[in-house]
Amino acid sequence: MTTIDVPLSIDRPLMRAAVFTEYGGKVQIQEINGPELPKNNEILIAVEAVSINPVDWKVREGAMKLLSGSKFPKIPGRDLSGIISHVGPNVARFQVGDEVFGMSKGTWAENVLCTENMVAKKPANLNWNEAASVPLIALTAHQSLFEVAQLKAGQNILILGGGSAVGMYAIQMAKLIGANIWATASPQKEELLKSYGLNHLIDYKHQDFVQVLGENKMDVVFDIVGRKVDRDRAFDVVKSGGVLASVTPNDTDHPNASMVSVFVDIAWKKISKKFSNGVSYQPLFVRDEQPAILDEIAKWLSEGKLKTQIDSVFPLNQIQEANERSESGKVNGKVVVVVKEDS
């Protein structure tokens, strides 16, 4: 473990954090000053566990340089679970000692400061690792299906990337409201995905989803894969008046690939209806503060209506290996990292 040369502070004791010190570099454990004490509606969380999302290692690779800047070291991470250690004077939803899970920025650390609207109370039936695996992927699925696409009972939905972590939540949520679900995925995941509510699996390696669906048009296509070739062909399977919701494309080699994709998506959204037979193309940008939605997700988890899938668990000192596992493309669920040493 190395230590960044920073002055000590009574209010900001040193903490362990996973950082990277250059774009394209590896993640390493360092000791840095912890967050300041919370103000206003902020809370300070003693982190128990975190999980890894593709956006985390894409940021480390430099895909979001225009937003993340050139100041180092940087702490990646979006998901967390933990215990509230301090609350700001205007916090209304929580108190010290509450067990929470949610989403912030720079979560791969022993302590994280965020607003109270970025977390919810941890479902009692989930352990720390399970809770940390949930927030970003569940919020992505929920916002895409119900806010962006406005999916309704009885409608047909195709999920491109149904075997991904986001896809597993999208299948479960679509089934909860009574939609008819098709998804591209590996046949090895068919039993698991059908237990979540999938009606029809399309083998992404050996079947063409356009040919399989034929004249069976979709009300909604949710594209999690983000490849332009799939997005363009997906217009052929959506009904007039339907919605194609998509995560940010990832098939460009530009050094600011994700940012380029954002601007392309915005431009494409403006013209899509004119050239796509009335299909509305909706790129997705997940909001940080969604307390009502996160509370609903927590309720569904507590009731057993949603289940989370963990691929593997690593200790904090093996977070580089955890990143390599996530980047391998062979995961079945989320990669989780235990932050608290005695968890």
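**K122 first.** I looked up what K122 touches, leaving aside its neighbours within four places in sequence: E99, V100, F101, N127, W128 and A131 are in contact with K122 (contact means heavy atoms within 4.5 Å). K122 sits in the loop between β8 (119–121) and α3 (128–132). Here and below, helices are DSSP runs of H or I with at least four residues, strands are E runs of at least two, and both are numbered from the N terminus. Buried or exposed, this K122? I get a relative accessible area of 13% for K122, so I wrote it down as buried. My cut-offs: buried is under 20% relative accessible area, exposed is over 50%, and partly exposed lies in between, with a 1.4 Å probe and protein chains only.

**Ground rules.** I'm working on a predicted model, where local features need pLDDT of at least 70, side-chain atom pairs count only at pLDDT 80 or more, and totals for chains, interfaces and linings use all residues. Residues are numbered from 1 along each chain as its sequence is written, and side-chain values use heavy atoms, with hydrogens and water left out.

Next I went through the loops. N40 is not a glycine, yet its phi is positive, about 50°. I found N40 in the loop between β3 (28–33) and β4 (42–52), partly exposed at a relative accessible area of 47%. Q150 also went on my list: its phi is near 50°, positive in a residue other than glycine. Q150 belongs to the loop between α4 (135–148) and β9 (156–160), and I noted it as partly exposed, with a relative accessible area of 47%. Then there is a cis peptide bond from F72 to P73, with omega near 0°. P73 falls in the loop between α2 (65–68) and β5 (79–87).

**The sheet.** In what order do the six strands of the open sheet run? I read β11-β10-β9-β12-β13-β14, with parallel pairing (two strands pair if DSSP finds at least two bridges between them). At the edges I have β11 (200–203) and β14 (280–283); each has a single partner strand, so one side of each lacks a neighbour in the sheet. Neighbouring strands are turned by 15° against each other on average, direction ignored. Axes are lines fitted to C-alpha atoms, for helices over the stretch in contact, and angles run from 0 to 180 degrees between N-to-C directions.
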